[in-house]
Amino acid sequence: MKLLGLLMASTLLTAPAGLAAAAGTDSGVVAAATSQADRPWMNTALSPDERARLAVEAMTLDEQISLMRTQIGFGLLSLGIPLPDSVPETMRKHTPEGALGSAGFIPAVPRLGLPAIQMTDASLGVGNLGGFLRRGDEATALPSSLALAGSFNTDLARQAGRVVGAEAHAKGFNVQLAGGVNLTREPRNGRNFEYAGEDPLLAGLIIGETIAGIQDQHVVSTSKHYALNSQETGRFVYDARIDEGALRESDLLAFEIAHDRGQPGAVMCAYNRINGVYGCESPFLLNQVLKSEWKYPGWVMSDWGAVHSLTPALDAGLDQESPQDDPHFSTLKAEVEAGRVPASRVAESARRILRSLFAVGAVDSPAAPGGAIDKDAHAAVAEQIALQGMVLLKNEGGVLPLAATAKKIVVIGGFADRGVIAGGGGSSQVMPYGGSFRDTRGREGVAALLTPVYGLDSPLKALQARRPDADIQFDDGSDPARAAALARTADVAIVFATRPEEEGLDAENLLFDHGQDDLIAAVAAANPRTVAVLETGNPTAMPWLSRTAAVLQAWYPGQRGGQAIARLLTGDASPSGRLPMTFPASVQQLPRPEIPGFDPSMRTPLGLGKPVEPFNLDINEGSDVGYRWFERTDAKPMFAFGYGLTYTTFDYRRPSFRGGDGLTAEVTLTNTGSRPGVEVAQLYAAPPGRTHRLVGWARVELQPGESRRVTLSADPRLLASWDAEAKGWRRAGGRFDAYIGRSAEQVEGRAQVRIGATADVPRALVGGR
Ligand code: BGC
C-alpha cells in the first residue's frame, strides 16, 4: 500500500481539526555515550566508507535488515479521529514510536549510537502532506522548482537547498525526499512543478545545487524519480520505451549532472517500468549505470510501494524498500538464513545507507526537533526565487511596470485578495509559515486536504501597500460581466488565474478551470490594458493572449509570492526569469498529443480512483525533449524554452565562437534601456546531424548603459553523444552549428565551428557524499 493510498483510504474522513499531533515524540536521536574505543565508527577522522564498514561489522543481521525496510512514519490511529469501516485492519496503526509523523522512519540503533532515520518529502520545503502528518507544523514554502529553474541561477538553487536542509534539521529530519529531476516530456504532467524543466543541463545543475544545499546542513537528500516518471497517468504500470542512447542523453544525463553537483546520499527509483523492467528492479539503471559506471556510493531506496520482488530487486541493486508494509523485503532474514541471499548483500546495503549518513554529518551533527529556524532569512530566499523565477511573457504598450499615472487599478480573481498558491498538491505539500487556505471546490474530506495550499501573502494587499496613492479595487472574478464592467473603469486591470496541479493527476488540457479563460477574455475585451498573472505548474493555452497587454508567468510562487508579484508589477524589481520549458501553441505539437493511458474518469484525487491496465509509453522524441522536439518537427511554440522579457533592453554585439577541443563563445552585452536588468545569454550547439542543445549560459546583471563582454563555455558533456555501437560517449568530430540566443529560438549570433573528435569525454565526477 502506497503512502498516498494509505491517506486516501480515509477519504471519507472530515476535516482534520482535533487530530492528535504525531510530532513531539522521542526523535530516537541517541547521544554517543560510550567511548570512541567501543565505537570506532564515531571517529570523525576516518572516511565515511571506513566508518560505515566498521559500524556494519558491529551490527546484527536484524539491525542491518532494519535499515533496509522503511516504515511509514505516521499512523492513521494517531490522527485521533474515528476511522470509517472501509479502512482495513492492517492500516489501523499508531505512529511508530520515535517517528515524527512523515513519509518514512527507521528506528535508531541506540547500542551503536546510530540515530533514527527520519525522512520527509521536500521538493519545495519540508513537507507536511495535508497538514495533518504533523498538526500545526509549518515550514518555509519555496516557489515551485520550475521557478527556481526559471531563475537560471545556480547560487540561488544552493540557497534554496540550504533553507530546506536547515529546516529539516531543526525539525528532526535527516533524510529529505527531494531532488526531483525528471525532465518535462509532458506539459500536462501533474508533477512538473516539482521538477526543473525540460533541459538536462539546466535541470541537472539546478537540482544538483539544491541537493548540495540540503546536504550542507547534515541532511541526506535523494535524487528522484530514477527514471522516466514523466507523467502521472499510469505511473505504477506504464512501460517507458526508449533507446539506450536517447535515455543516456536526456533523463540520465540530467541525473548524472545533478549527481555530479550534488552528490546525493540516496536515489529514489521510480514506479514505472523502463524498457520492460520496473525502475526498482532494473540492473541496467541501478547496478550498471548508477553504481558501476557513475561509481555512486550511496543507497537506492524505492519510491513508496514501487517494489515488486525481493531477489530481482536486490540483484538489480535496490538497497531499501519503502515502506515495509509492502512485504517484499519481509522475508529477507529467512532468505539469508537459508543461504539464498548472501549476508554480504545485506551488509552492502547497510553500509551504503550508513555511509551517506556519515558523509553528510547526519550522525555527528544529529537532527533534533525544536531547533531554531531563521524564518525571515528563509522567507527572503523564497521571495528571491519568486522574483528571479517568474517570467514576463508579454508586455505591450509599456503597461508594466505600472505607471505612476495608473491611478485606478482593478485586481480580479485568483484569490488575489487572500494569497497565492504556495505549491502543488501531493506528497511535496508544505504548510507555509503564516497560515494557509485551500480552494476545495469539487472536493470533500481528506481529498480536499490534498489540493494545493495557498499561502496568505496577498498580492492585492502587497500592491495596495506599494501604491497607497492609487485606488485599487478587487473583484473575485466569479461574474465575468461584473468584473469586465469594473475593468472598463480602470487605468489598468490585473487578472489573476490559478491552476492547481497535483501528484497522481495529469491535466486533461492546458486550459484554466472554473471559467478563468473566459474571465480573462472578458476583462481584456473591456480594457486593453489588461495584465494576466498566471499561477500555474505548467504551460497553459492562453486563448486570450492576443487581447491582453501583458502576461506574467508566476508559477507557484511560494509563501512570499504576493510580495514578489507586487514588486515586479510596480517595477520595484525587474523580471529576470526565463522559461525552463517550452510553452506549446497547441498539444498537437507535442510528441504525444494525447496522454497515453489518460482517461478523464481517472481524475480522482491522487489518481487512485481507478485501476489502470499496463500500457506502453513510447518515448518517440528520444533525447529530443522540449525545444529539441520543436526544432526536429519545425514547429513554432507559443513561447520558446529560455524566453523571457524584462523592463530594459539588451544588445548583443560582436559574437565570436571558438572550437577545437571544446566550444566557447563570447559576446558583448549592453543594457540599452533605462533600468538595471538581468540578461540570460544562452549558448546552443548541434553536433553534426543532431538538434541543438543548451550547452551553457551566462546570467548577467547590467546597469543602464553598461556593457560587458561575457564568455559562454560549453559543458563538455553536452558536446558528446552516446555511441550505440561503441557503447560509450563520443564527441563526433566536424562542424557543429552553434548559436548564442536570448532563447532557444531568438538567435543573436551563429557560426559553424569545427570541433575535434574524441572518445575521451569528461563525464560526471559523480562520487558521492
Ligand atoms: C512519491 C515520492 C514521495 C513518496 C513519499 C510517493 O508517492 O512519488 O515522490 O517521496 O511518495 O511521500
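Reader: What makes up domain 1 and domain 2 in the domain assignment of the chain?
Author: Domain 1 covers 42-70 + 100-360, and domain 2 covers 647-755. The model is a predicted one. Taken over C-alpha atoms, the centres of the two domains are 33 Å apart.

Reader: How do you know that domain 1 and domain 2 are in contact?
Author: Contact requires heavy atoms within 4.5 Å. On that basis, 15 residues of domain 1 are in contact with 15 residues of domain 2.

Reader: What is the order of the strands in the open sheet that includes S1 and S9?
Author: Six strands form this sheet, in the order S1-S2-S3-S4-S6-S9, and their pairing is mixed.

Reader: Why are strand S1 and strand S9 said to stand at the edges?
Author: Strand S1 (104-106) and strand S9 (299-302) have a single partner strand each, so one side of each has no neighbour in the sheet. From one strand to the next, the twist averages 25°.

Reader: What makes S1 and S2 a pair?
Author: A pair needs at least two bridges. Three bridges join S1 to S2, and these strands run antiparallel. One of the positions involved is Gly104, whose bridge partner in S2 is Met119.

Reader: How do you know that S2 also pairs with strand S3?
Author: Three bridges join S2 to strand S3 (residues 175-177), and the requirement is at least two, so the two strands count as paired. They run parallel. Thr120 has Gln176 as its bridge partner in S3.

Reader: Why is strand S2 called largely enclosed?
Author: Five of the five residues of strand S2 (residues 117-121) are buried, so the rest of the structure largely encloses this strand. Both faces are covered: Ile117, Met119 and Asp121 are buried on one side, and Gln118 and Thr120 are buried on the other.

Reader: What joins strand S4 to strand S6?
Author: Strand S4 (residues 220-226) and strand S6 (residues 266-269) run parallel and are joined by three bridges. Ser223 has Val267 as its bridge partner in S6. Helix H9 (residues 284-293) packs on this sheet and touches S4, S6 and S9, with its direction at about 135° to that of S4.

Reader: What is the order of the open sheet that holds S10 and S15?
Author: This sheet also has six strands, in the order S10-S18-S17-S16-S11-S15, with mixed pairing. Strand S10 (391-395) and strand S15 (471-475) are the edge strands, each pairing on one side only. Its neighbouring strands are turned by 15° against each other on average, direction ignored.

Reader: How do you know that strand S11 pairs with strand S16?
Author: Four bridges join strand S11 (residues 408-412) to strand S16 (residues 492-499), and at least two are needed, so they count as a pair. Ile409 has Val492 as its bridge partner in S16. Helix H15 (residues 459-466) packs on the sheet, touching S11, S15 and S16, and its direction makes about 170° with that of S15.

Reader: Why is helix H17 called mostly covered?
Author: Eight of the 11 residues of helix H17 (residues 516-526) are buried, among them Leu519, Ile520 and Val523. The elements covering the buried residues of H17 include S11, helix H16 (480-488), S16 and strand S17 (530-536).

Reader: How many aromatic pairs does the structure hold?
Author: There are 16 aromatic pairs.

Reader: Why is the aromatic pair of Phe152 and Phe641 called tilted?
Author: The ring centres are 6.2 Å apart, and the limit for a pair is 6.5 Å. Phe152 and Phe641 lie 489 residues apart in the chain.

Reader: Why does Phe152 count as buried?
Author: Buried means under 20% relative accessible area, and Phe152 has 1%. Phe641, at 0%, counts as buried too. Phe152 and Phe641 also belong to a cluster linked by ring pairs, together with Tyr627, Tyr684, Trp697 and Tyr739.

Reader: What makes the aromatic pair of Phe639 and Tyr643 stacked?
Author: Their planes are 20° apart, which is under 30 degrees, so the pair counts as stacked. The centres are 5.3 Å apart. Both Phe639 and Tyr643 are buried.

Reader: Where does the charged end of Arg248 sit?
Author: The charged end of Arg248 is over the ring of Trp722, 3.9 Å from its centre, and the distance limit is 6 Å. Arg418 lies over the face of Phe437, 3.8 Å from the ring centre.

Conventions
Residues numbered from 1 in each chain as written. Predicted model: local features only at pLDDT ≥ 70, side-chain atom pairs only at ≥ 80, totals over all residues. Heavy atoms only, no water. Axes fitted to C-alpha atoms, helices over the stretch in contact; angles between N-to-C directions. Phe/Tyr/Trp six-rings, centres within 6.5 Å; stacked < 30°, edge-to-face > 60°. Buried < 20%, exposed > 50% of the residue type's maximum accessible area, 1.4 Å probe, protein only. Lys NZ or Arg CZ within 6 Å of the ring centre and 35° of its normal. Domains from an automatic or database assignment.
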